[in-house]
Number of protein chains: 2
Amino acid sequence: MRVAVVGVGLIGGSVGLAARERLEATVAGYDLDASALSRAVARGAVDDAAPTLAAACHGAEAVFVAAPVGALPGTVAAVLEATGPECVVTDVGSTKRGIVSGVDNPRFVGGHPLAGAASAGVEHARADLFEGATWYLTPVASTSGILYERLHRLLRAIGARPAAIDPEAHDVLLAAVSHLPHVLANTLVEQATQALAAGPERLPATGPSFRDATRVAGAPSAIWTDIYLSNADAVAGQLDAAAGRLREVSQALRRGDADWIVEWNDRAAQERVRLMEGQLGAAALREVRASVPNRPGVVAQIALELGRAGVNIVDMALHPAPDMSEGVIALWVAGEWSAERAAELVGGLGYPVALA
Amino acid sequence: MRVAVVGVGLIGGSVGLAARERLEATVAGYDLDASALSRAVARGAVDDAAPTLAAACHGAEAVFVAAPVGALPGTVAAVLEATGPECVVTDVGSTKRGIVSGVDNPRFVGGHPLAGAASAGVEHARADLFEGATWYLTPVASTSGILYERLHRLLRAIGARPAAIDPEAHDVLLAAVSHLPHVLANTLVEQATQALAAGPERLPATGPSFRDATRVAGAPSAIWTDIYLSNADAVAGQLDAAAGRLREVSQALRRGDADWIVEWNDRAAQERVRLMEGQLGAAALREVRASVPNRPGVVAQIALELGRAGVNIVDMALHPAPDMSEGVIALWVAGEWSAERAAELVGGLGYPVALA
C-alpha cells in the first residue's frame, strides 16, 4: 500500500510511522518546511521525501493532510487535483465545518484524531500515538462508500477507533471538550501570574494540580489561532456559558451558601465519573450485516446514523454483488447493546439487516 | 522523637509514614473514624492508635492536625490544651486566615503542604508524598522562634520545602493557583456533560487533555466545601476576574480578531514558561548568619521577610548565647542571589548579618 502524508509534524509523522510499521506501507512525505521533511526521513516517519506535493501524492491510495486548519482548503484541493479516482484524501484538522463545507468531492473525508502530545514536531512522533484514540470522521451524503471503508480500515490498522460524526456536532462537541479547556488553561496562567506578581518577588512553586490544569496553556499560536477562529461561534458560546457558571459559583460563595456548593460539587463528581466511564468498554465484537443498494451516500448515511446514536463501528467491510448493483455491508460493534441498537438503526433506514 | 498525627487520611498518614521512616520517630495517631485509625495502623502510618486525642498528644514534641478546615479551630484548641510548653502544634489546612486569626498561642504555626494525590485515604499515603513539595508556614509575631525552627527542620527531614508566608497572602495566592483550578475543572465537566447530552446517546471518548484538565473535578465535598467557604471572598474575586477574561476572549472570537488571539495566546505561553521555571533551581546552598535578640517574634519576622521577597529558607538553626539574652540564627538559602538578598533583608531589619 502506498500512503502519502502532507505535513510531517507530530500527527503526520506518527501516521507515517504507524503506516510503515503496522501496514508495511510505503510512505511518501511532503512539507513546506524542507528541514521538517529531512527530520521526518531521519526519524523513519517517511520512506521518501518528495520534492513537491504532487510527487508525494503520485500513486498514493490514501493521503493524510496534516496542515494547520487555515491551510487546509488550499492543500486539500491541491491533493485532490494530484490524485486519481481510487485515492481517498483526508485531513486531521481540529475543526471540521469549514473544510467539509468547502470541499465537494466524494474522495474527501474530513477527519480528526483525538491524540496529541505535549511537544509538537516529528521528533515526538510515535507509531503508537493513535492506539485506542478516537478518530472522528465526517462523511457526507456524497462521500464514496468504498473509500470511506478503506479509510476506516486503515485507521483501525494503525490502532485508532474511527467514529462518524456530523461536522456541526463535531465542532460543538470539540468546543466544549477541547477548545474551552485550552482557553481556561490560558486563563489560569494569566490569573496565577497576576496573583504571584502581587506577592513575592520570585514566583513560588505551584502544586501538581496547577501543572495538570495548565498543561495545554499557550499551545502554539500557529496552530491554535486557526482552530479558535474556525470555530469562533461555538467556542464563544462555551466561553459565555462558562463565564455565567463562574458568576453563579462566585455568588454562592459570597452569600456563604454551603448547600449550593455541596450540590454543585457533588454533581461535578458524578458527572466526571460518567464521562470517564464512557471511555471504557471492552465488550466482545458482534457482526451486523445489511444489504444495501450500491449508490453514493449509503455508507456515510449508516456510519453517521450509528455515530449519532453513540454506536461505535469498530470495523467494517463492503462486499459488492457481482453485478455491482447492490452489496452487503458488514459492521462489527462492541457488545450486545450496540449490536441490537445498530440493527434497529440500520433497519430503520430501510435496509434488510441481520445479526450474524 | 515523638510525633502525633490527629486525622490519619492521605496527608496525616503520609506525615506518619515519613516521620517513622526518615526520623525514626514514634508516631501516635488519632482519628474520629475508628476504621480509618485501624487502617493507618495496618498501613504502618502510626505506631499507636490512641483511644483519645489527649492520649495521642501525650508526650509529643510535634502534633500535626490533619482535619477538614471547618474542624480545625476546635481540634487545634484541644491539641494545644493537651500538649506541654515544648510541643509545636501545626495544621495542614488549605486556607490559613481563619485558623491563624482564631488561635493565639506561640506554640501554634499554621501550615499547608502543596501535596496531594488523586485518591484520598490512608491507603494512598506515601512516605515520599512531600518530597520536594512546598510546605507553606504562616508564623505570626507571637510565634515561638524555637518551635518554628523545630517544625521547619522536621518538615525538611520529611523532604518538604518549608516557606514562610503571611496568612492573607497565602489565601489570595491559593485562590488563584488551587481553588480557581478546582472550580474551572468542575465547570469543564458540567459543560462537557451538557454538550455530550445534546449529542450521541452514549458519551464518546474525550481526549487526554480533557482528562488532565478535569483531574481535580468534584474533589470531595467533605473537604472542599470548607476550603471554598473559608476563602470565599478571595475565590469569588478570582472567579469574577476569570469570567471577565472569558468574556474578553469570547468578544475577540466573535469579532474574528486574530491579532488579539495571537497576542493573548503567546502571552499565556510565555507566562507558563516563567511559572514553571520558577519551580527549578538547584543552586548550591549558602549560609547567612545573623545575631538576633532572644525575644518572641524575631524568627517569624525574618522568615516572613524572606518569604515575602521570594527567598526560600532551605534550612535554619538557632544558636542561643549562654545567657539566653541573644543568639545567632543561621539560614541556608540556595544560590548567590538568594544569599545576598537574604543578607540585605535581614540587615534591613536591623540585625547584624554576615555571609558565611
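Keep in mind that the model is predicted.

## How the two copies sit together

Let's start with the symmetry. Two copies of a chain are related by a rotation about an axis and a shift along it.

The contact itself draws on 90 residues from chain A and 90 residues from chain B. Of the interface residues of chain A, 100% are also interface residues in chain B, so the copies meet through the same surface.

How much area is buried between chain A and chain B? About 8500 Å², with carbon and sulfur atoms giving 62% of that. As background, the size of an interface is often given as the accessible area lost when the parts come together.

## What the interface is made of

Between chain A and chain B there are 30 residue pairs in polar contact, counting pairs with both residues at pLDDT 80 or more. On the chain A side, the elements that give two or more residues include strand 7 (134–138), helix 7 (167–197), helix 10 (232–254) and helix 13 (335–348). Helix 7 of chain A gives the most, with 19 residues. Sorted by class, the side of chain A that touches chain B has 47 nonpolar, 25 polar and 18 charged residues.

Salt bridges also cross over: the count between chain A and chain B is eight. One of them joins Asp240(B) to Arg247(A), with the closest N and O atoms 3.7 Å apart.

Looking at the whole structure, the search finds 41 salt bridges over all chains. Within chain A, Arg97(A) and Asp171(A) form a salt bridge whose closest N and O atoms are 3.0 Å apart. This pair links distant parts of the chain, since Arg97(A) is in helix 5 (residues 97–102) and Asp171(A) is in helix 7 of chain A, 74 residues apart.

## The sheets

Now for the strands. Chain A has an open sheet of eight strands in the order 3-2-1-4-5-6-7-8, with mixed pairing. Which strands stand at the edges? In chain A they are strand 3 (48–49) and strand 8 (161–164), each pairing on one side only.

Chain B also has an open sheet of eight strands, with the order 3-2-1-4-5-6-7-8 and mixed pairing. Strand 3 (48–49) and strand 8 (161–164) of chain B are at its edges with a single partner strand each, so one side of each has no neighbour in the sheet.

Here are some of the strand pairs, with their direction and bridge counts:

| Strand pair | Sense | Bridges |
|---|---|---|
| Strand 7 and strand 8 of chain A | parallel | four |
| Strand 4 (residues 62–65) and strand 5 (residues 88–91) of chain B | parallel | four |
| Strand 9 (residues 285–293) and strand 11 (residues 326–334) of chain A | antiparallel | nine |
| Strand 9 and strand 12 (residues 353–355) of chain A | antiparallel | three |

Trp135(A) stands opposite Pro162(A) in strand 8 of chain A, while Ala62(B) has Val88(B) in strand 5 of chain B as its bridge partner. For strand 9 of chain A, there are two partner strands to look at: strand 11 and strand 12. Val292(A) is bridged to Gly327(A) in strand 11 of chain A, and Arg289(A) stands opposite Ala354(A) in strand 12 of chain A.

Note on methods. Residues numbered from 1 in each chain as written. Chains lettered and ligands numbered in written order. Predicted model: local features only at pLDDT ≥ 70, side-chain atom pairs only at ≥ 80, totals over all residues. Heavy atoms only, no water. Contact = heavy atoms within 4.5 Å. Buried area = accessible area lost by both parts, 1.4 Å probe. Salt bridge = Lys/Arg side-chain N within 4 Å of Asp/Glu carboxyl O. Polar contact = N/O pair within 3.5 Å; in protein donor to acceptor, adjacent residues only side chain to side chain. Nonpolar A, V, L, I, M, F, W, Y, C, P; charged D, E, K, R; others polar. Pairing = 2+ DSSP bridges.
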